[in-house]
Amino acid sequence: MSKIFRSEFYRLLHFKLYWLECIAVIIFAVYPILLNDYSILPDIDGFLFRIMTIISFFSLFFVSQFIGDEYAYDTMRNKIIIGHSRIKIYFAELILNYLAVVILFNISVISVIISGVIRRWKYNFSFDILFRSYVMCLCTLLLIIAICLIVSMNSKSKILSLISLLVVFYIFSIIGTDAHNKLAEPEMRLPYEFEVVEKINEPLPNKMYQSGNMRNIYENILLIDPCGQAYYESESMYDKKENYISSEILKYPFQKIFIYSIIEGIVITTAGILIFRKKDLK
């Protein structure tokens, strides 16, 4: 597997789309910090993991096209002909593509830190909290790559693979964002303006607040959904209960996201290998 990994890593270094994504990630990280002014001095923390809201789309573009070239130039079939097993090929691609996306993520984080230092911004949260958030992001990236790989490795068409992943992650994005927003609704809300006019000044029960079984359902949807995890992680440090503003979205997020991501990643990777082993590469 090491030979496959080395050859694929060499190909990665010469893959133009990946370098374009690296540049795009830097621009996405630097622009809101260096080229914008704010009425209130922001913290670096709030920008550190914002890339997670769109990292799935960077990933699907890269993986679908990188794996697609394997089929376009028959290198996938040639690897099998010279004796490499399909399991080794699949794992080599999993490790390489995960490494590539982690590098993109780290480029974004480093760019934010450097930009924040230039603006002389400070951190609001401890290293422990930020490190836990960082590890959560790495877990979610593994799940994202596992999904990208199961589609791309089992589709010979780069276009079909790209379209399929765009549809899948678009649906994930809608569902995950909706679950996050529902969980963030506070239990009590302040009166609206028209209610104040009617002399209602006391806090009122929020009909959008999710409790009991429905809250458990939405929490599981958020944890199962990679885009839901990513959306949560983009500002996970700020997840706390604030009266009349927001509810605590997840309790023990680090442990839950770690467990869900690892289990889902193993299941999806196993399914991907089983499908790939039966795939006709002729």
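How do the residues of the lining of the largest pocket divide into nonpolar, polar and charged?

## The largest pocket

In this predicted model, the lining of the largest pocket divides into 5 nonpolar, 6 polar and 5 charged residues. The lining comprises 16 residues, and those that lie nearest the centre of the pocket are His-180, Glu-235, Tyr-238, Asp-239 and Ile-249. Two elements, helix H8 (158–184) and helix H11, each give two or more residues to this lining. The volume of the largest pocket is about 280 Å³.

## Confidence of the model

The protein chain has a mean pLDDT of 91, and 99% of its residues reach 70 or more. Confidence is highest in helix H11 (residues 226–233), with a mean of 96. Helix H11 is also one of the elements that give two or more residues to the lining of the largest pocket. The lowest confidence in the chain falls in helix H5 (residues 75–81), where the mean is 77.

Cys-22 takes part in no disulfide, as the sulfur of Cys-148, the nearest cysteine sulfur, is 16 Å away. Cys-139 is likewise in no disulfide; here the nearest cysteine sulfur belongs to Cys-137, at 9.1 Å.

Both residues fall under the 20% limit for burial. Cys-22 has a relative accessible area of 7% and is therefore buried. Cys-139 also counts as buried, because its relative accessibility is 8%.

## Glu-8 in helix H1

Glu-8 is located in helix H1 (residues 2–13). Its relative accessibility is 3%, so Glu-8 counts as buried. Apart from neighbours within four places in sequence, Glu-8 is in contact with Phe-66, Glu-70, Lys-79, Glu-93 and Leu-96.

Glu-8 and Thr-269 are separated by 261 residues in sequence, and the distance between them in space is 19 Å, C-alpha to C-alpha.

## Ser-115 in helix H6

Ser-115 belongs to helix H6, which covers residues 86–118. With a relative accessibility of 3%, Ser-115 counts as buried. When neighbours within four places in sequence are left aside, the contacts of Ser-115 are with Val-30, Ile-33 and Leu-34.

Terms used: Residues numbered from 1 in each chain as written. Predicted model: local features only at pLDDT ≥ 70, side-chain atom pairs only at ≥ 80, totals over all residues. Heavy atoms only, no water. pLDDT = per-residue confidence, 0-100. Helix = DSSP H or I, 4+ residues; strand = E, 2+ residues; numbered from the N terminus. Disulfide = S-S within 2.5 Å. Buried < 20%, exposed > 50% of the residue type's maximum accessible area, 1.4 Å probe, protein only. Contact = heavy atoms within 4.5 Å. 1 Å grid on protein atoms, 1.4 Å probe; cavity = no way out; pocket = protein on both sides within 12 Å on 5 of 7 lines; lining within 4 Å. Points joined across faces, edges and corners; volume = space filled by probe spheres on them. Nonpolar A, V, L, I, M, F, W, Y, C, P; charged D, E, K, R; others polar.
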